[in-house]
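Hi,

Here is the structure I promised to pass on.

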Amino acid sequence: MHHHPRPAMLPVLAAAFLLLATLSQAHNITRILAQHPEFSTFNHYLNLTHLAPEINGRTTITVCAVDNSAMDDLLSKHPSIYTVKNILSLHVLLDYFGAKKLHQITNGTALAATMYQATGTAPGSAGFVNITDLHGGKVAFGAENNDGTLTSTFVKSVEEIPYNISVIQISKILPSAAAEAPAPAPAQQNLTSIMSKHGCKVFADTLSNFSDALSTFNDNLDGGLTVFCPLDDAFKAFLPKFKNLTASGKLALLEFHGVPVYQSLATLKSNNGLQNTLATDGANKFDFTVQNDGEDVTLKTRLTTAKITNTIIDEQPLAVFAISKVLLPKELFKGEALAPAPAPEPSAADAPAPAKKGKKKKKAADAPAADANSDAPADSPGDAADDTADDSNGAVSGGSYGNVVVALGLVLGLSLVL
């Protein structure tokens, strides 16, 4: 017996599918600019500097694009790719400015924070852009640290998705002594020093004491590296367990906190799933799962769930994130039920046990033991970050799908009442 939707339900269902289609669309700066050949160089360098996925991972944002001629002027100075990233990040405003808003700025002037400011590397007010309405309908732009000189003007609106993303054209690259200063490549920086200065000194000192592990991290700096360093309190509390590991277990534990691919926070959000690590070696998978939890990004093993608490550095090809807990690989700790909640689908041997029983297993669990029969798939999405930005930048994060499901459920729930 077939039941047909009542006429009163049809508008509700139509609204539900329209809502689903709207929420499912994530903006993609690469695709937007690809429709305009005059911005091809600007578009290319947004991807080359990995700014594109950062832009796609944000909302309420304005991209101030410049044409190929303006980009040629910039590139003629032969800046490093790291300097280009700083300069272009100054052209991404962390607020929505459509054409109408630009011409109706309260009190005629506004100061907008940029993605350059958000990196934490911009000195003083260097990461802000001044926007001012001038006589004759002109709108001028200038870096705040440029002695108040407004060197560029609004040309046209390229695309607007209120109030998500606005892409506009401005006449020239915004000059900024701070952004244009030579930026050192991350490989020239001291990895352990960077971590030590940002709340991960215990982990950094431990890594420094194991030359093999430190060499593995450093060897991956040029090709791309993402490091997840536990905060001091977390690693300090873990040290007694760490000291009970064998030499190979200690090496694997440290290398488990590095991924041999550069991934920004936005990339992690849009590419949830398994990650291979520096410790991965054939059947010894040593992988963990990246999963969104609302606005937060979590890293999950069968035993622990850690949250990314801070971006310490994000300068392609190096990203370092502080995390709330030490990541415990099942290959080393498969006998311990250390997670606050039971792990999904545990086998009989891995089932959560009472605390006393867990203590009896501690010594056996501390010895490195390869879990060749793990139910986790061996493949890893690590290479996804190396794909073209156009492949991944339009992906909708798990959080977005969650919003879609909730919204659709509310609308369909309403239809049942009708």
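Helices (H or I, at least four residues) and strands (E, at least two) are DSSP runs, numbered from the N terminus. Bear in mind that this is a predicted model: local features need pLDDT of at least 70, side-chain atom pairs count only at pLDDT 80 or more, and totals for chains, interfaces and linings use all residues. Residues are numbered from 1 along each chain as its sequence is written, and side-chain values use heavy atoms, with hydrogens and water left out.

The residue I'd look at is Asp 314, which sits in strand S13. Asp 314 is buried but has no salt bridge, and Lys 85, the nearest side chain of opposite charge, is 4.1 Å away. (Buried means under 20% relative accessible area, with a 1.4 Å probe and protein chains only; a salt bridge needs a side-chain nitrogen of Lys or Arg within 4 Å of a carboxyl oxygen of Asp or Glu; Lys and Arg count as positive, Asp and Glu as negative, and His and the chain ends are not counted.) Beyond four places in sequence, the contacts of Asp 314 (heavy atoms within 4.5 Å) include Glu 54, Ser 264 and Ala 319.

S13 (residues 305-315) runs antiparallel to S14 (residues 318-323), with 6 bridges between them. In that pair, Ile 308 faces Ile 323 of S14. Both belong to an open, mixed sheet of 7 strands, ordered S9-S8-S14-S13-S12-S11-S10, where pairing takes at least two DSSP bridges. S9 (258-259) and S10 (273-275) are the edge strands, each pairing on one side only.

Cheers

Methods: Buried < 20%, exposed > 50% of the residue type's maximum accessible area, 1.4 Å probe, protein only.
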